[in-house]
Amino acid sequence: MRFTELRLAGMVVAAAALLAGCGSSPLPPMDAPQAPVNAAPSSSGTAATVALASPVAARNWDEFRRQAAVRMVAANPGITYTTAAPDPLLAIPVLEIELNSDGSVRNIHVLRQPRQAKDTTQIAIDAVRRAAPYGDMRHLKKPWKFAEVFLFDEDRRFKPRTLDE
């Protein structure tokens with residue numbers, strides 16, 4: 001397995017831990033190889049409601065972004081994927097997410113609206129809101145904002161770009 005696949009597999013394991021309500025760190029070791037899995041869509045074709053574990057406080061912004069991306073995937077089964085991004089992508093909206101001190105969403109700004117499949121921007125916004133709250137932000141440097149790129153496939157499923165880094 002390539003390093004990128006191992007990191008992605010680790011993120012899948014982390015998403016499973018979040019779904020299971022595990023109280024341990026949501027980011028497992030990157031050397032824990034697991035096959036990437038896609039959640040099945042709900043009968044309506046939209047994201048199913050999922051109970052998420054309490055967020056774990058991140059030590060820095062890089063760790064926070066990874067945890068937030070894993071949380072978005074866990075909170076949105078059926079409209080996410082964790083495999084390699086297809087070529088070409090359907091749409092790539094970019095959002096700037098501003099949080100309150102408790103990790104709730106204060107505001108979402110659209111930094112990039114795709115030219116086609118414009119509805120994917122709202123899908124991404126809704127996915128961010130479903131994954132909130134993101135945990136106590138007070139120990140991280142202000143402003144409590146981060147950007148996320150959403151990679152949409154032709155089935156209008158997304159993967160946060162952070163999971164490819």
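Guide: A word on confidence: pLDDT is the predictor's confidence in each residue, from 0 to 100. The protein chain averages 79, with 70% of the residues scoring at least 70. Over residues 1-45, though, the pLDDT is below 50.

Visitor: What ground rules apply?
Guide: This is a predicted model, where local features need pLDDT of at least 70, side-chain atom pairs count only at pLDDT 80 or more, and totals for chains, interfaces and linings use all residues. Residues are numbered from 1 along each chain as its sequence is written, and side-chain values use heavy atoms, leaving out hydrogens and water.

Visitor: What makes up the secondary structure of the protein chain?
Guide: There are three helices and four strands; these are DSSP runs numbered from the N terminus, helices being H or I with at least four residues and strands E with at least two. The order is α-α-β-β-α-β-β.

Visitor: Why is α2 called largely enclosed?
Guide: Buried means under 20% relative accessible area, with exposed over 50% and partly exposed in between (1.4 Å probe, protein chains only). Eleven of the 15 residues of α2 are buried, so the rest of the structure largely encloses this helix. Among them are F64, V70 and M72.

How values were computed
Contact = heavy atoms within 4.5 Å.
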